[in-house]
Each structure stands twice: as C-alpha cells, then as structure tokens.
Amino acid sequence: MMAEQKQGQVFEIAIVGRVIWNLHSLNNEGTIGNVTEPRTVVLFDGTKTDGVSGEMMKHIHAFWTWLRAKENNLPLCSACQSFQPQRADAASRDLPQRGQEASAMAQVLQRCVLCDLHGFLVQRPPIHRQSTVEFGWIVGVPEKVHRDLHIHARHAMGAQGTVQEESASEEEVASKEVGQIQPEVTAQMLYHRPTRSGIYAFVTLFQAWRIGLNEVNYEYALNDEGERKKRYELALTAYEWTFKRPDGAMTTTRLPHIEGAEGLVLVAKTAVPVPLLSPLRDDYRQQLKNLAQKQGVEVDEFNDLVGLTEILSKLRELNPFKLGATSQ
Ligand SMILES: [Zn+2]
C-alpha cells in the first residue's frame, strides 16, 4: 500500500552513458606560459585518457539552473542572484548563529533553489549541504579519444596594424620555420591550444528525495510540495540543457561539435539507491538493466539527445519523493 501511494514519486535518478564530443577543449589543467594543457586522467590499470572534470559539469548544470530560476522568478539568495560561487556563505550575515544550525539551514533552503539543489558550505554558523546533483568525471573511452595541441600565431602587421591569425598542428609547425611566415611582421604571439575529440563516458546522479531536506535535523524545510516539484523540474531542465549545451572552457573558439549521446536513465521510485556502473564498460547497458531489474528500478534507454530529452520531459511530470510521507 505504501508503494502504491508513492506512485509517481521519484526517489533518485541516474543518467549514465556515452557522448561523442569533437574538437572541444572544455576543461584544461591550466596554462603555463603560452601553453594550455588538456585534462588527463589515469584509470585503474594505468591507462591515461582525456577527461572533463565533474566540477566543470556541475558548474554547467548550476549555471543552467541559475538561468532558469532567474527567468522563472524562483527564489534565489542574494549571493545566488548574481551567481556567486560561494552561494549561501556569501549571504550568511542574517542567518541565526551558532547553536541554531537547524534553523539556519532551514532558512537557506527556503530562500534559495540553487543552494538547495547544488549545496554550499557556510562558515558561520558552520553548516554544510551536499549537492543533490552529482557528476563524475567525463572520461574518454580508451582508444576512442584523440588529442592535438595546435599552435596558433597571431601577427600584428606593420604600419596597417592589422592582425592575422594562423594555426597549425604541432607536427606542421615542426616542419617549417615559424619566424619566416611574414617578413613584415612587427609583433607575433604564439600560443598552444589543445583540441580534443572522443567518445566520453559519463555518470551523474540526482537525489530528488533530498530536495528541501534539512540534513541538520532531517526534517523537510519546504512543506509546500508544489515548491519541491518546481525545484525538481528545474534540476531536470538543467540536465537537459547541460547535455545539449555543455558550456565549459574555451567555447569562444572550441565550441564542441556534439555528435551524439546514448545511455540509460535509471529511476528509483521507492527509497532504494539506483545501481551505478561505468559506461567505460562496453556491456554497461545490459549489466545495468539486470541490476536495476533486481532492485525494482526503472530503466529508460536513449540513443540520441532527442531520446534523452523525451525521457527527461516525461520525468518532469512526476514528483520528488518525500521521506516518511505516508507514515504520518
Ligand atoms: Zn543561494
């Protein structure tokens, strides 16, 4: 009976799969001098591969959450109004102080959808919220990633002051004298930029049941289920936009060529965790379907971005799970 009453509720959602992203540079180690280094990650067996960090993906999701919240007039705290990365910590002046952590937490959750969904760390009073949205590394499937470091030359041309740009891959540059490109060059700036293409495995988890849940006293700070549903819909919309528009680093000149997406959406409608398995495994779909079935977790499969969008649209019609809701 309990399960019946909770029909149409979503405890948590995992999206796992693979994306094909070409010619991007969404995330880098940093720039030393004029060389920008792409992210490299090492797998358990020592294999080095390309990656985009979970931090970057979470940032993209948070940004789309913010945009949508702003546009739809959903509550944002004074820090999140202007998308400050500290979130609640930069808007903590009027919070109840030490000894009243539970009410401080409730206040933060009530007044801000971004603090609620994406978490924060407030120093005074010391309260911490873990994000309801979690991302692993986006990791290049070994043997299915390519990286190139391109050298770009920017020239200022004599009296006209015109600027010309040239680019070549490292190998091309090695075979010619860079200094001989233009005799009238008065200034030249060389810089190295990575370009990467590949099939990437991703894992992400959304704990819808924790929306509005005050984890100091484990009571819901939001009693209006309509408000919780709005936040749930918001997170799902931000997911849709994150996959359609992964706006990371260097998109001014390395806007990714998105070629495809495939994977599974796992949905737990009762209080059980969804199983996770890396799409680095070629058999991840079948394995996950088996695991999910044994746990009573629903699985939807997608083979392109349209399919993923349709699954997310359907999920938006449901409601976030509320812990202990039927026991009262
Ligand atoms: Zn906030």
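In the hairpin of E3 and E4, two residues lie between the strands, and Gly-33 takes a positive phi near 60°. The model described here is predicted. Strand E3 covers residues 28–32 and strand E4 covers residues 35–38, and the two pair in the antiparallel sense over four bridges.

Most residues other than glycine have a negative phi, and most peptide bonds are trans. Leu-23 has a phi near 55° and belongs to strand E2, which spans residues 12–24. With 13 C-beta neighbours inside 10 Å, Leu-23 counts as partly exposed. Arg-87 has a phi near 50°, and its place is in the loop between helix H3 (78–81) and helix H4 (101–111). Is Arg-87 buried or exposed? Arg-87 is buried, because 25 other C-beta atoms lie within 10 Å, and the cut-off for a buried residue is 20 or more. A further backbone feature concerns a proline: the peptide bond from Arg-124 to Pro-125 is cis, with omega near -5°. Pro-125 sits in the loop between strand E7 (120–122) and strand E8 (127–129).

Turning to the chain as a whole, the secondary structure comes to nine helices and 17 strands. Of the 328 residues in the protein chain, 37% are buried. When contacts between residues at least 6 apart in sequence are considered, 76% of them join residues at least 24 apart.

In soluble globular proteins, nonpolar side chains tend to be buried together. Here the largest nonpolar core has 77 residues, and Leu-114 and Leu-266 touch the most other members. Leaving aside neighbours within four places in sequence, Leu-266 is in contact with Ile-13, Ala-14, Val-274, Leu-288, Ala-292, Val-297 and Val-299.

Ala-102 and Asn-214 are 112 residues apart along the chain, yet their C-alpha atoms are separated by 7.3 Å.

Two packed helices are described by the angle between their axes and the distance between the axes. For helix H7 (residues 225–244) and helix H9 (residues 305–316), the axes come within 9 Å and cross at roughly 175°. The crossing angle therefore makes H7 roughly antiparallel to H9. By class, the contact of H7 with H9 has seven nonpolar, one polar and four charged residues. On the H7 side these are Glu-233, Leu-236, Tyr-239, Glu-240, Phe-243 and Lys-244, which meet Leu-305, Leu-308, Thr-309, Leu-312, Leu-315 and Arg-316 in H9.

Methods. Residues numbered from 1 in each chain as written. Predicted model: local features only at pLDDT ≥ 70, side-chain atom pairs only at ≥ 80, totals over all residues. Buried ≥ 20, exposed ≤ 12 C-beta atoms within 10 Å, placed from the backbone. Contact = placed C-beta atoms within 7 Å. Pairing = 2+ DSSP bridges. Axes fitted to C-alpha atoms, helices over the stretch in contact; angles between N-to-C directions. Parallel < 35°, antiparallel > 145°, perpendicular 65-115°, else oblique. Nonpolar A, V, L, I, M, F, W, Y, C, P; charged D, E, K, R; others polar. Core = buried A, V, L, I, M, F, W, Y, C linked by C-beta atoms within 7 Å.
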